[in-house]
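Please look over the model below before reading my points.

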Amino acid sequence: MTTAAARDMECASGRAAAAIAANCLHDGPIGKVGLEIEAHCFDITDPMRRPGWDELSDIIATVPTLPGGSAITVEPGGAVELSGPPADGVADAITAMAADRTVLTHHFAARGLGLVLLGADPLRPAQRINPGARYQAMESFFTATGTAAAGAAMMTSTASVQINIEAGPRAGWADRVRLAHALGPTMIALSANSPLLGGHFTGWRSSRQRVWGQLDSARCGPVLGDSGDDPSADWARYALHAPVMLVRTPDAVPMTEFVSYADWADGRVPLDARLPGDEDLEYHLTTLFPPVRPRRWLEIRYLDSVPDSLWPAVVFTLVTLLDNPAAAEIAASATESVAGEWDLAARAGLADPGLRAAAVTCVAAAAEHAPAELADAMARLLADVEAGRCPGDDFSDLVVEHGIPTALTQLARNDS
């Protein structure tokens, strides 16, 4: 190899870093909000049964037009996801998603299925039903890299409420991304709704977050760098150091050992007997799952799926704390002492005094800006937080009283 060729190869990761940094956030106004909600699908008469791919596909094919315009997809384990289009503000996004949830749950209920909003499947063992090649390859990757159980649970047994917000003006990116991360533990604590997984109490308020925490931190951990002053550079560094999960040949082929994207790009470890191209870089970015992911906008991924009576208030709280300058200032101060307590939040939830105090301050700050149609929901959320109760505490009580199958049947019928 010539010196010039070697120098060019060594610069490949630098060029990839520049491309990632240049395209990960969009400089523009805030305001647009998109929501995605995942719900576990249960047979109302037999909660242990996992509806199959063909069954769910047939049902979804007959869903009437959704008023809010959400797309319907099926997760690897059969959870049904609604992905709403960007709306002009959080209130409009909530209204549209609530309308789509109503139509979808009624449609599934007519076929004997309930769409249950919990952060983790409390009853069934992990099982993939989505036949997609990507998910087969991911399953193989997790097995080969020693995280088979956590990987299977993540793909097939967890569910979340995901919020997509604008990155905002470039000058405010650092503060905005830092706050989105700092809010993580507090929001995990107040949304914790997965006390059981696979038929057992786990001892964690958010078993969903625990599962994500058991996966490779280079792929699923927080992106935020030491200073957080340059989120674009932080994301580029994170992406280049993350191990390659899948290589498209064109089918998705799983990796069986740790090879960072930078090592592939710079030719230190050739994969598929070639160097990566632009499409490989784009695909690699889709295999990274941090709690706050830059995709030109900010994709916030750390909330448990919570009941219809609660998710509008949880969504409004988080968006307001990020988009309203006065609320953001309060939130930054309130969460400073617990900003790194991801595991504590998942394990203890609002039973931890520091997280509870931060949550009370944050919800109260957001509630001051709530429109009339959300005032009651915000008041209920604030009362729960002040009492130190997570959403999953209600489900735990139901399970203790009736057992898991009956508790699930009740939720499936109520949600439908």
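1. First, the ground rules. This is a predicted model, in which local features need pLDDT of at least 70 and side-chain atom pairs count only at pLDDT 80 or more, while totals for chains, interfaces and linings use all residues. Residues are numbered from 1 along each chain as its sequence is written, and side-chain values use heavy atoms, with hydrogens and water left out.

2. Start with helix 7 and helix 14. Two packed helices are described by the angle between their axes and the distance between the axes. Helix 7 (residues 173-191) packs on helix 14 (residues 325-335) at about 60°, with the axes 9 Å apart. Helices (H or I, at least four residues) and strands (E, at least two) are DSSP runs, numbered from the N terminus. Axes are lines fitted to C-alpha atoms, for helices over the stretch in contact, and angles run from 0 to 180 degrees between N-to-C directions. The two helices are therefore oblique to each other. Angles under 35 degrees count as roughly parallel, over 145 as roughly antiparallel, 65 to 115 as roughly perpendicular and the rest as oblique.

3. Who touches whom here? Helix 7 gives Leu 179, Ala 182, Leu 183 and Thr 186, and helix 14 gives Ala 328, Ala 331, Ala 332 and Thr 335. Contact means heavy atoms within 4.5 Å. The residues of this contact are six nonpolar, two polar and no charged. Ala, Val, Leu, Ile, Met, Phe, Trp, Tyr, Cys and Pro count as nonpolar, Asp, Glu, Lys and Arg as charged, and the others, Gly among them, as polar.

4. Next, helix 7 and helix 16 (residues 353-367). Their axes come within 9 Å and cross at roughly 90°. That makes helix 7 roughly perpendicular to helix 16. Leu 183, Pro 185, Thr 186, Ala 189 and Leu 190 of helix 7 meet Leu 355, Ala 358, Ala 359, Cys 362 and Val 363 of helix 16. The contact has nine nonpolar, one polar and no charged residues.

5. Helix 16 also meets helix 13 (residues 311-323), with axes that come within 9 Å and cross at roughly 85°. Helix 13 is thus roughly perpendicular to helix 16. Phe 316, Thr 317, Thr 320 and Leu 321 of helix 13 touch Cys 362, Val 363, Ala 365 and Ala 366 of helix 16.

6. Finally, the backbone. Thr 249 and Pro 250 are joined by a cis peptide bond, with omega about 15°. Pro 250 lies in the loop between strand 9 (246-248) and strand 10 (252-254). Asp 272 is not a glycine, yet its phi is positive, about 55°. Asp 272 sits in the loop between helix 11 (261-265) and helix 12 (278-285).
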